[in-house]
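Me: I would like to learn how to read helix packing and aromatic pairs from a model. Could you take me through the features one at a time?

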Amino acid sequence: MTEAVTPPPSPFDAPPLPPEPASDAGTSPADIRDGAAVALVVGVAGVLLGLLWAWLAPRVQYVSNGEAVFLKNTESEARIGADGTFFLLALGLGVLSAVGVFLWRRRGGVALVIGLAVGACFASLVGWRLGLWLGPDADLVTAAGKAGKGVAFDAPLQLLAQGTLLVWPMAAVAVHLGLTALWSPRDPSPSTEWYGTYPPPHVHAEPSEKA
């Protein structure tokens, strides 16, 4: 039997290209842990939204005549003001949470963005429900009975525009992506140079002088 013989490399062959760097685009377990931590911390921050909304939102006042409950001031914009207060608070907290996550992990990543979005959605829900709970009594009949006939009392908080619940996650994700695109560390570009020289130096070697 004859064995296959591999010919020796020719000096005129091009040198091999450098090996390509390993890709690290995948999501590691550390990235998943970071995303879960972001979701947890941002979600808990919804308590702050609820406290601030219950404190800063303008109050709508009702008055009872002993038989029915009426708005004290029919031209009051306090009902819209409650939505506006929630909007501004959620917007500010969304920006703050995005900046905080970026300063904590500048490299960014899909897991961080998902964690930020999930945590912000949960925080909006927590802030909304907590604000309603901390606000005036939702039972108008009981509140009117406690206040008495002809005495104004505060109406419960209401969020008429339910879309404002998305303000925090949308602002947080948009600001975080913008910060990551502008100031996140860049991966070094792969080198396009070959190892070695082509052709080898001995191919064009100068002729030796004759003795």
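**Reading the packing**

Reply: Phe 86 is buried, with a relative accessible area of 0%, where buried means under 20% relative accessible area, exposed over 50% and partly exposed in between, for a 1.4 Å probe and protein chains only. This is a predicted model, in which local features need pLDDT of at least 70 and side-chain atom pairs count only at pLDDT 80 or more, while totals for chains, interfaces and linings use all residues. Residues are numbered from 1 along each chain as its sequence is written, and side-chain values use heavy atoms, with hydrogens and water left out.

Me: How many aromatic pairs does the count come to?

Reply: A pair of aromatic rings is described by the distance of the centres and the angle of the planes. Rings of Phe, Tyr and Trp (its six-membered ring) pair if their centres lie within 6.5 Å, and planes under 30 degrees apart count as stacked, over 60 as edge-to-face and the rest as tilted. By this rule the count comes to one aromatic pair. The ring centres of Trp 53 and Phe 86 are 5.1 Å apart and their planes stand at 80°, so the pair is edge-to-face. Trp 53 lies in helix H2 (residues 46–56) and Phe 86 in helix H3, so the pair ties together parts that are 33 residues apart in sequence. Trp 53, at 0% relative accessibility, also counts as buried.

Me: At what angle do helix H3 and helix H4 pack?

Reply: Two packed helices are described by the angle between their axes and the distance between the axes. Axes are lines fitted to C-alpha atoms, for helices over the stretch in contact, and angles run from 0 to 180 degrees between N-to-C directions. Helix H3 (residues 78–104) and helix H4 (residues 110–134) pack at about 150°, with their axes 11 Å apart. That makes H3 roughly antiparallel to H4, given that angles under 35 degrees count as roughly parallel, over 145 as roughly antiparallel, 65 to 115 as roughly perpendicular and the rest as oblique.

Me: Which residues of H3 and H4 meet?

Reply: Phe 86, Ser 97, Ala 98, Val 101 and Trp 104 in H3 meet Leu 112, Leu 116, Ser 124, Gly 127 and Trp 128 in H4, contact meaning heavy atoms within 4.5 Å.

Me: How do the axes of H2 and H4 cross?

Reply: The axes of H2 and H4 cross at roughly 35° and come within 7 Å. Among the residues making this contact are Trp 53 of H2 and Trp 128 of H4.

Key: Helix = DSSP H or I, 4+ residues; strand = E, 2+ residues; numbered from the N terminus.
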